[in-house]
Amino acid sequence: WQLLAELHSLKIDISGLPALCSFSFQSENALAYKTYITQEMLLKGYIAGTSVYVSTEHTPEIVNRFFEVLDPVFSQISKCESGQEDIMNLLKGPVCHSGFKRLN
């Protein structure tokens with residue numbers, strides 16, 4: 001994630017344990033970007049967001065392919081951060097919620 005973020009001039013924070021790590025964008029649009037990642041990765045056959053449960057089944061080939069697919073998603077987010085695109089125009093549904101809380 002850090003390498004992709006640097007490649008696309010994005011600022012992220014990485015946290016967690018090696019087996020359960022996550023990242024977040026340093027942006028007021030962080031939740032919209034998280035939603036966009038999930039939306040776009042689902043279209044490419046990945047259930048993905050901003051966290052991962054690492055498994056011994058994640059071979060280098062699987063991990064490398066994941067980041068190849070994620071690269072254009074980060075590229076699009078970079079365009080949003082620079083003002084070239086509006087993330088809200090790219091989302092096909094509502095922005096995800098943050099954390100666990102009552103929604104009513």
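Cysteine 21 is buried, with 17% relative accessibility, and cysteine 80 is buried at 9%; buried denotes a relative accessible area under 20%, exposed over 50%, and partly exposed the range in between (1.4 Å probe, protein chains only).

The model is predicted, and local features require pLDDT of at least 70, side-chain atom pairs being counted only at pLDDT 80 or more, whereas totals for chains, interfaces and linings use all residues. Residues are numbered from 1 along each chain as its sequence is written, and side-chain values use heavy atoms, with hydrogens and water left out.

A search of the whole structure identified 2 salt bridges, each requiring a side-chain nitrogen of Lys or Arg within 4 Å of a carboxyl oxygen of Asp or Glu. One joins the side chains of lysine 44 and glutamate 40, with an N to O distance of 3.9 Å. Lysine 44 is partly exposed, at 39% relative accessible area, whereas glutamate 40 is buried, at 12%.

Arginine 65 and glutamate 68 also form a salt bridge, their closest N and O atoms being 3.4 Å apart. These residues are 3 positions apart in helix α3 (residues 60-81), a separation of about one helical turn; helices are DSSP runs (H or I, at least four residues) numbered from the N terminus. Arginine 65 is partly exposed, with 44% relative accessibility, and glutamate 68 is partly exposed at 48%.

Terms used: Helix = DSSP H or I, 4+ residues; strand = E, 2+ residues; numbered from the N terminus.
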